[in-house]
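Colleague: Could you take me through the burial, the pockets and the charged pairs of this model, giving the reasoning behind each answer?

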Amino acid sequence: MGKQITPKVTWVGKIDWELKTFHGDELSTHRGSSYNSYLIRDKKTALIDTAWIPYDKEFVAGLKQEVDLKQIDYVIMQHNECDHSGALVELMREIPDVPIYCTAKGEAIIRGHYHKDWNFVNVKTGDTLDLGDTTLTFVEAPMLHWPDTMFTYMSGENILFSNDGFGQHYASESLFNDMVDIDEVYYEAEKYYCNILNLYSPMALKKIKEILAMNLPLDMICPSHGIIWKNNPTQIVEKYLQWADAYQENQITLVYDTMWQSTRLMAQAIAKGIQKQDPQVRVKILNAAKDDKNDILTEIFRSKAFLMGSPTINNGYSYAVAGLLEMIKGLKFKNKKASAFGSYGWSGDAVKQISEKLQQAGITVVDGGIRELWVPDQEMLDKCVQYGQDFVKAIE
Ligand code: FEO
């Protein structure tokens, strides 16, 4: 069943309470998600985005309860990853001639996914679609986060439909930001930004500034995942401006893997030294193998500096640390300082190799790190405390 947002706009999406991973296993979604689709009923009727493939029949059945599909004049596809375009085949089976408005890249992606010769209408920034009392204006937003992405502004109701932008993987029966646990929503929005959009921060900054310069009246931001920003909608825009601009808080994060607890003991001692040197800094310690990888990345995203620890294993570093280093490289964090640590038995290569990987990822590595042969005794733990203190001085 749909949910009324304004007299002319109805949410007709799908809430996915059981989604626990997204993009295969690339992104954890502890709080589920939603695939938001919006039905606009003016003199003309338009549908914005659909839902993920497993819910295609459910989506179309729900849409039929809301509207006679034959009354839909336009389908607007803002971005065609299958979590939004997945129900198109099921929908277009019933209304095959209805025009699909999307960018040229969007058409190519839909064709590449579904191999159908539907009635595509390509749109560019500034193109409009008159619905009667209201008008849709399209704004291309390439690489936020796919080449086909566009936003849609609805004048008259002053709504920005932003697809993945400003979204969160967050399942909620309540649709609006003032009706949910806002701390949870902000965490999920930040995790979403860090893990999906951070790589494209330069484009995000440019696009947001471009939209702000238009001085459009804005009553609501309707993303295609999670809750709608209705109460003070620009609050999430302001957050994005911070997140996209080499974001950091006064936090230092230690991430380690450990085989027989020696690297864990080092992490704890280094953390003690950091705290001793700077009692104001927030220090977090996470286990690379036990904590969630995307939550770890989110903690690194909000840190001014981090330390990555691994015992030496097979002349290298651990599997869990390797995965994180690869993801750190891909996400292109800016303005982060780091160092490496770990215990070893003979070759002791891990610290050097982690430092090299961090450097290759664009992270400023402040020194050669610290390593310990076998199990740290008190003297070595004291050295780790001192190292933590020195690390704080080195990043100042
Ligand atoms: Fe929500 Fe990029 O799809």
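This is a predicted model: local features need pLDDT of at least 70, side-chain atom pairs count only at pLDDT 80 or more; totals for chains, interfaces and linings use all residues.

Colleague: Is S262 buried or exposed?
Modeller: Leaving aside its neighbours within four places in sequence, S262 is in contact with S343, W374, V375 and P376. The relative accessibility of S262 is 6%, and the limit for burial is under 20%. S262 therefore counts as buried.

Colleague: What is the volume of the largest pocket, and which residues lie closest to its centre?
Modeller: The largest pocket has a volume of about 330 Å³. Its lining consists of 17 residues, and by class these include 8 nonpolar and 9 polar residues, with no charged residues. Closest to the centre of the largest pocket are M259, T312, Y344, G345 and W374.

Colleague: Which element gives the largest share of the lining of the second largest pocket?
Modeller: The second largest pocket holds about 260 Å³ of space, and among its 15 lining residues H23, E26, N195, I196 and L331 lie nearest the centre. Two or more residues of that lining come from each of α5 (182-197), α9 (293-301) and α10 (319-331). The largest share amounts to 4 residues, and the element that gives it is α10.

Colleague: How many charged residues are in the lining of the second largest pocket, and which domains give it at least three residues each?
Modeller: By class, the lining of the second largest pocket has 8 nonpolar and 5 polar residues, together with 2 charged residues. As for the domains, the lining draws at least three residues from each of domain 1 (3-243) and domain 2 (252-395).

Colleague: How many salt bridges does the structure hold, and how many residues apart are D133 and K8?
Modeller: The structure holds 22 salt bridges, and in the one that D133 forms with K8 the closest N and O atoms are 3.7 Å apart. This pair links distant parts of the chain, with D133 in the loop between β12 (128-130) and β13 (135-140) and K8 in the loop between β1 (3-4) and β2 (9-11).

Colleague: Why does D117 count as exposed, and what does R111 count as?
Modeller: The side chains of D117 and R111 meet in a salt bridge, at 3.0 Å from N to O. D117 counts as exposed because its relative accessibility is 66%, and the limit for that class is over 50%. R111, at 31% relative accessibility, counts as partly exposed.

Colleague: Is E299 buried or exposed, and which residues are linked with E299 in a network of salt bridges?
Modeller: E299 forms a salt bridge with K284, where the closest N and O atoms are 3.2 Å apart, and the pair joins helix α9, which holds E299, to strand β18 (residues 282-287), which holds K284, across 15 residues. K284 is partly exposed, with a relative accessible area of 25%, whereas E299 has a relative accessible area of 9% and is therefore buried. The residues linked with E299 in a network of salt bridges are E190, K284 and R302.

Conventions: Residues are numbered from 1 along each chain as its sequence is written. Side-chain values use heavy atoms; hydrogens and water are left out. On a 1 Å grid over the protein atoms alone, a cavity is a set of points where a 1.4 Å probe fits but cannot get out, and a pocket is an open set with protein on both sides within 12 Å along at least five of seven lines; lining residues have an atom within 4 Å of a point. Grid points are joined across faces, edges and corners, and a volume is the space filled by probe spheres set on the points. Ala, Val, Leu, Ile, Met, Phe, Trp, Tyr, Cys and Pro count as nonpolar, Asp, Glu, Lys and Arg as charged, and the others, Gly among them, as polar. Domain bounds come from an automatic or database domain assignment. Buried means under 20% relative accessible area, exposed over 50%, partly exposed in between (1.4 Å probe, protein chains only). Contact means heavy atoms within 4.5 Å. A salt bridge is a side-chain nitrogen of Lys or Arg within 4 Å of a carboxyl oxygen of Asp or Glu.
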